[in-house]
Amino acid sequence: MMDPGLLVLQDMEKERETLQVWKQRVGQELDSVIAFWMEHSHDQEHGGFFTCLGRDGQVYDHLKYVWLQGRQVWMYCRLYRTFERFRRVELLDAAKAGGEFLLSYARVAPPGKKCAFVLTQDGRPVKVQRTIFSECFYTMAMNELWKVTGEMHYQREAVEMMDQIIHWVREDPAGLGRPQLSGTLATEPMAVPMMLLNLVEQLGEEDEEMTDKYAELGDWCAHRILQHVQRDGQVVLENVSEDGKELPGCLGRHQNPGHTLEAGWFLLQYALRKGDPKLQRHIIDKFLLLPFHSGWDPEHGGLFYFQDADDLCPTQLEWNMKLWWPHTEAMIAFLMGYRDSGDPALLNLFYQVAEYTFHQFRDPEYGEWFGYLNQEGKVALTIKGGPFKGERGTGRD
């Protein structure tokens with residue numbers, strides 16, 4: 001009879017080999033995705049990036065979406081300073097050109113901080129959203145540019161915008177331009193504390209001064225996100241009241257499995273910083289396992305985009321579609337959960353999601369990924385980028 005200890009060692013070795021295979025596979029896909037965007041998205045005339053790209057990379061609209069500009073600057077800088085193979089001058093030059101485009105044009109009426117949602121190719125504002133998300137990705141881009149270049153004007157921009165976002169969220173939202181209507185419920189979407197917690201992590205990374213400055217904010221964000229666990233821990237709701245209660249109607253029952261999984265790995269980072277294993281277990285249970293098991297399509301595979309907490313028909317037309325980003329968030333979340341807990345069940349869930357994702361979303365002919373599949377997993381939109389899909393890699397390599 002084989003020694004049980006030897007069996008454990010053999011299982012661990014097999015696990016390491018499988019993980020190494022997936023690391024290589026993800027790395028190769030990341031290289032391919034970045035090559036696609038470097039070839040097709042750069043605006044050599046005005047700076048910044050085109051994100052409306054067809055299947056073969058052809059630009060089908062020259063509008064520029066500020067949040068995706070910020071995301072691409074962030075990604076290029078993060079890759080440049082993290083991986084030796086991406087330490088290429090053309091990548092950094094493109095990131096800096098994108099950053100300067102944002103500095104010059106993102107804000108609608110400088111010195112005011114409100115950013116446009118979409119700009120013309122040469123930087124004229126087209127549309128403003130009454131949210132904080134363009135500003136959040138602007139902040140991420142500026143902070144990451146500072147970390148790569150050491151140029152302080154980028155960091156000043158990041159901190160000033162961060163403090164403005166905090167003011168809008170916690171003190172006075174008037175600057176966002178949303179009218180206060182008498183019938184509107186006071187609502188907290190989970191996306192708001194999620195994004196702020198992500199910014200706390202971004203600015204505080206290897207920066208003790210920023211960590212201290214935003215420590216209380218991080219605690220506030222985590223508390224607010226955790227309030228979205230409702231019905232005695234049986235559901236995570238996308239929207240709750242400002243005092244953490246369930247809301248009536250479709251708005252209150254709305255669930256977004258991808259967002260919950262994304263919030264899960266944000267919270268896992270927070271719990272790791274806090275050294276709180278009890279919180280870690282709670283996050284894995286409620287923000288990883290719960291949305292996955294309720295959101296995974298048992299017939300066709302893949303994560304539903306939206307759900308209703310009472311199993312009523314969601315009102316969103318795209319509710320049963322399979323989008324790329326919930327699956328990348330799930331892969332990140334399950335790997336982080338496995339890293340923090342050592343639970344092999346989480347690793348198996350990573351494999352399950354990864355197999356579906358790489359099989360269904362990859363385009364082996366032209367590169368990059370399709371973003372939008374129907375419920376059966378067939379390509380619904382052949383575009384590789386648009387107003388809500390840009391260059392975001394394939395997760396955290």
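Trainee: What radius of gyration would a compact globule with 397 residues have, and what does the protein have? Once that is settled, please look closely at Q230: in which strand does Q230 lie, does Q230 count as buried or exposed, and with which residues is Q230 in contact?

Mentor: This is a predicted model, and for 397 residues a compact globule would have a radius of gyration near 21 Å, which agrees with the 21 Å that the protein has. Along its principal axes, the C-alpha trace spans about 75 × 50 × 45 Å, and the chain is arranged in 13 helices and 14 strands. Of the 397 residues, 55% count as buried, while the protein exposes about 18,000 Å², of which carbon and sulfur atoms supply 52%. When contacts between residues at least 6 apart in sequence are considered, 64% of them join residues at least 24 apart. As for charge, there are 41 positive and 59 negative side chains, and the centres of these two sets lie 2 Å apart.

Turning to the part you asked about, Q230 belongs to strand 7, which covers residues 229-230. Q230 counts as buried because its relative accessibility is 11%, and buried here means under 20%. If the neighbours within four places in sequence are left aside, the residues in contact with Q230 are V235, L237 and V240, together with G244, K245 and E246.

Definitions and conventions
Residues numbered from 1 in each chain as written. Predicted model: local features only at pLDDT ≥ 70, side-chain atom pairs only at ≥ 80, totals over all residues. Heavy atoms only, no water. Helix = DSSP H or I, 4+ residues; strand = E, 2+ residues; numbered from the N terminus. Rg over C-alpha atoms; globule rule 2.2 N^0.38 Å. Buried < 20%, exposed > 50% of the residue type's maximum accessible area, 1.4 Å probe, protein only. Contact = heavy atoms within 4.5 Å. Areas by Shrake-Rupley, 256 points an atom, 1.4 Å probe, with all protein chains shown as cover. Lys, Arg positive; Asp, Glu negative; His and termini not counted. Charge placed at Lys NZ, Arg CZ, Asp CG, Glu CD.
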